[in-house]
Amino acid sequence: MRGVARVWNWKAKIGAAVVVIGVVTAVVNRNFAQGKAQEKTATSGLSGAGPVVRGTPDDPLRDPGESHLHHVKQLTFGGQNAEAYFSFDGRRLIFMSTREPYACDQIFTMNADGSDVRLASTGKGRTTCGYFYPDGKHLLYSSTHQAGAACPPRPDYSRGYVWAVYSSYQIYNATYDGKLLKPLSAGPGYNAEATLSADGKKIVFTSSRDADLDIYSMNADGTGVRRLTNTLGYDGGPFFSPDGRWIVYRAHHPTSEDEKARYRALLAQDLVEPSEMDLWVMRADGSQQRQITRLGGASFAPAFFPDSRRILFASNYEHPGSSQFELYAVNRDGQELERVTWAGGFNAFPHFSPDGKKVAFISNRNGKAPHEINVFIADWLP
């Protein structure tokens, strides 16, 4: 998974030290100062109902500190909805959702105004990480249905917070109306977190096929698989830049022998600890890998701005160990960190429309029940 938002009930086990990357502009400092009073009223994350946003009459779901967002609109209501990504023409969204009558996540599509919601997966097993092909007629997603129609068992959290990286996940190509065309991955190991380049020629994804969680690329038809990362640890959630030259991803590489042993032991059980992650970038061919954030806690769900120079992402670095995540922006070189959302609670999985005029994201703002997360869309102001 790229990270299912509903399970962010982080254990408080990360140090409170915060290291802010790059150069924070005076505007950012002013925004932080203005947001402190608002932040005191925010929830701690997903354990309760979502935060109540004190917006304006014409924009009630936008916190006053969210200067880049305007006309915030809620598209789903109730349940657990995550990972909403635009089609290449900007007219539709693909997302994952747990809703009746399904016991675990399935892939759905809807218009960018929230209308015409359709099931796009089989309704069997668990799915994750849906994405459109550029033609708008075909979809990409991962599913466990081939291993069984039932939902795979949830992880055991008794020994700490973990994500399940099921070895039964395989990547599929399907039609817009839900017909499976072919599996694009095969063999043992987790295969998920797949996205497409803007020209539709390349897929980038995460796999454990070589006994580690690494990033791979392949042609749009599943041929030409190439491993891009080789450092021990979790490299995942990759996205191409719109110009096709870069890939941004999240990663955590254990350093001590104890950490490495724990990572390997968990991975052997199809598990991974996501409590510490930072953002990395690399060239589309896997070269020039470099870390661009060094923040406490977990930073994940990165997406490029349309200009391919800046990145929007989610992080809990101001509240490490919690499920309180906000959206931030940073340059591709790690400079000019800026906080984007101020609503409190959980805000993640941002994705720009192709023209850069709108952004979709996931939030529990306005949520009526614990762990409720919904899809939102807003106009983006530079």
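Here is a friendly set of questions and answers about this predicted model.

Me: Is strand β26 largely enclosed or largely open, going by its buried residues?
Reply: Strand β26 covers residues 374-380. Six of its seven residues are buried.

Me: Which residue in β26 stands opposite His-70?
Reply: Strand β1 (residues 69-74) is joined to β26 by four bridges, and the two run antiparallel. The residue of β26 that stands opposite His-70 is Asp-379.

Me: And which residue in β26 is the bridge partner of Val-359?
Reply: Strand β25 (residues 358-363) also pairs with β26, in the antiparallel sense and over six bridges. In β26, the partner of Val-359 is Ala-378.

Me: Within β9, what is the bridge partner of Ser-142?
Reply: Strand β7 (residues 138-143) and strand β9 (residues 170-175) run antiparallel and are joined by six bridges. The partner of Ser-142 in β9 is Ile-171.

Me: How many salt bridges does a search of the whole structure find?
Reply: Some of them form a network, which links Arg-92, Asp-116 and Arg-118. A search of the whole structure gives a count of 14.

Me: How many residues apart are Asp-214 and Arg-227?
Reply: These two form a salt bridge, with their closest N and O atoms 2.6 Å apart. The pair links distant parts of the chain, since Asp-214 lies in strand β13 (residues 214-219) and Arg-227 in strand β14 (residues 226-227), and the separation is 13 residues.

Me: Which helix holds both Lys-260 and Glu-257?
Reply: The side chains of Lys-260 and Glu-257 meet in a salt bridge of 3.7 Å, N to O. Lys-260 is partly exposed at 22%, while Glu-257 is exposed at 58%. The two residues are three apart, about one turn of the helix, and both lie in α2 (residues 257-267).

Me: What is the distance between the closest N and O atoms of Arg-339 and Glu-326?
Reply: Both of these residues are buried. They form a salt bridge, and their closest N and O atoms are separated by 3.2 Å.

Me: Is the disulfide of Cys-104 and Cys-151 left-handed or right-handed?
Reply: The sulfur atoms of Cys-104 and Cys-151 are 2.1 Å apart, and the pair forms a disulfide. The pair links distant parts of the chain, with Cys-104 in the loop between β3 and β4 and Cys-151 in the loop between β7 and β8. The torsion about the S-S bond is about -95°, so this disulfide is left-handed.

Definitions and conventions:
Residues numbered from 1 in each chain as written. Predicted model: local features only at pLDDT ≥ 70, side-chain atom pairs only at ≥ 80, totals over all residues. Heavy atoms only, no water. Buried < 20%, exposed > 50% of the residue type's maximum accessible area, 1.4 Å probe, protein only. Pairing = 2+ DSSP bridges. Salt bridge = Lys/Arg side-chain N within 4 Å of Asp/Glu carboxyl O. Disulfide = S-S within 2.5 Å.
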